[in-house]
Amino acid sequence: MSFSNLLIADADGIRTITINRPDQLNALNSATIGELDQALNHAQADKAVRVLIITGSGPKAFVAGADIKEFAHFSVEEGKMLSAEGHKQLFDHVEHFEKPVIAAVNGFALGGGLELAMSCHFRVASDNARMGLPETSLGVIPGYGGTQRLARLVGKGKAMEMIFTAGMIKADEALQWGLVNHVVPQAELLTKCNELAAAIMKNSPTALASAIRAVNAGYEPGANGMQREIEEFGKCFGTPDFIEGTGAFLEKRKPVFGK
Ligand code: COA
């Protein structure tokens, strides 16, 4: 598995995917989005991968947005296609990925970059991170889920303000807003993400996948989140991980999941 715009590193069940276009501040062109789609498929199929971390290369940017150079000349139809394909290949793919995905936001997360971070299951930021949805300053709106996911994460009023002003917020403000879960010095960002991943990996992969499906169902138009929770809860009782988890508790030992 080799990619032109991504670096892949594996350690103890944690796969780190680094978007690697530092000269363009890791802007998401269509080639990179296609590679991320493939990388997600590989990671889903690989049983050894238990948690994903997505980050950007270099000290400056997570992802500075969709690649403006690529879409500046697009027509209405091409614009619509760009958004629809992006949703399908990357942003919905990450959100519904059946293993936990952590965004390690190591600098600018703007436009499609913040949208990618928001598609991840949760976010950890370095103290130099800057986040915003600057699309209205370019004459467009966020088209990779930003109008929906930002409002869900921080509330409608803050989302409206951020989209209207096209401004950036700093990491500490993002923490206060609940947009990121933790802020750490840049040198400690991946260590913090790896610690969180290690804590997650102690738990049942099948239960984690059920939890992702149940939580996400609460945000899907037309889906009944509580009903989905009931179904996913019931399904857990038929998994080897449930037998192992409850058995280990009763036998006063640590469970070994994913056998
Ligand atoms: N698309 C394409 N290229 C981008 C990009 C993007 N979203 N963001 C940055 N780049 C490129 C720049 O064009 C520049 O390339 P060049 O050297 O070939 O000209 C390179 O990355 C470095 O960016 P630069 O603007 O010189 O860095 P800076 O430190 O002065 O500013 C930002 C950093 C993030 C404030 C600025 O790059 C920016 O505003 N980027 C666009 C953010 C945006 O609007 N994103 C939403 C897109 S929908």
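Mentor: Helices here are DSSP runs of H or I with at least four residues, numbered from the N terminus. Please keep in mind that the model is predicted.

Trainee: Which element gives the largest share of the lining of the second largest pocket?

Mentor: This pocket is lined by 17 residues, with Cys120, His121, Val215, Asn216 and Tyr219 nearest its centre. Two or more lining residues come from each of H4, helix H5 (146-154) and helix H9 (205-217). The largest share, five residues, belongs to H9.

Trainee: From which domains does the lining of the second largest pocket draw at least three residues each?

Mentor: The pocket in question has a volume of about 420 Å³. Its lining takes at least three residues from each of two domains, namely domain 1 (6-200) and domain 2 (205-250).

Trainee: Which element gives the largest share of the lining of the largest pocket?

Mentor: The largest pocket holds about 510 Å³ of space. Helix H2 (68-71), helix H3 (76-95) and helix H4 (112-119) each give two or more residues to its lining. The largest share is four residues, and it comes from H3.

Trainee: How many nonpolar residues does the lining of the largest pocket have?

Mentor: The largest pocket is lined by 23 residues, and Phe71, Leu82, Glu135, Val140 and Ile141 lie nearest its centre. Of the lining residues, seven are polar and three are charged. The nonpolar residues number 13.

Key. Residues are numbered from 1 along each chain as its sequence is written. This is a predicted model: local features need pLDDT of at least 70, side-chain atom pairs count only at pLDDT 80 or more; totals for chains, interfaces and linings use all residues. Side-chain values use heavy atoms; hydrogens and water are left out. On a 1 Å grid over the protein atoms alone, a cavity is a set of points where a 1.4 Å probe fits but cannot get out, and a pocket is an open set with protein on both sides within 12 Å along at least five of seven lines; lining residues have an atom within 4 Å of a point. Grid points are joined across faces, edges and corners, and a volume is the space filled by probe spheres set on the points. Ala, Val, Leu, Ile, Met, Phe, Trp, Tyr, Cys and Pro count as nonpolar, Asp, Glu, Lys and Arg as charged, and the others, Gly among them, as polar. Domain bounds come from an automatic or database domain assignment.
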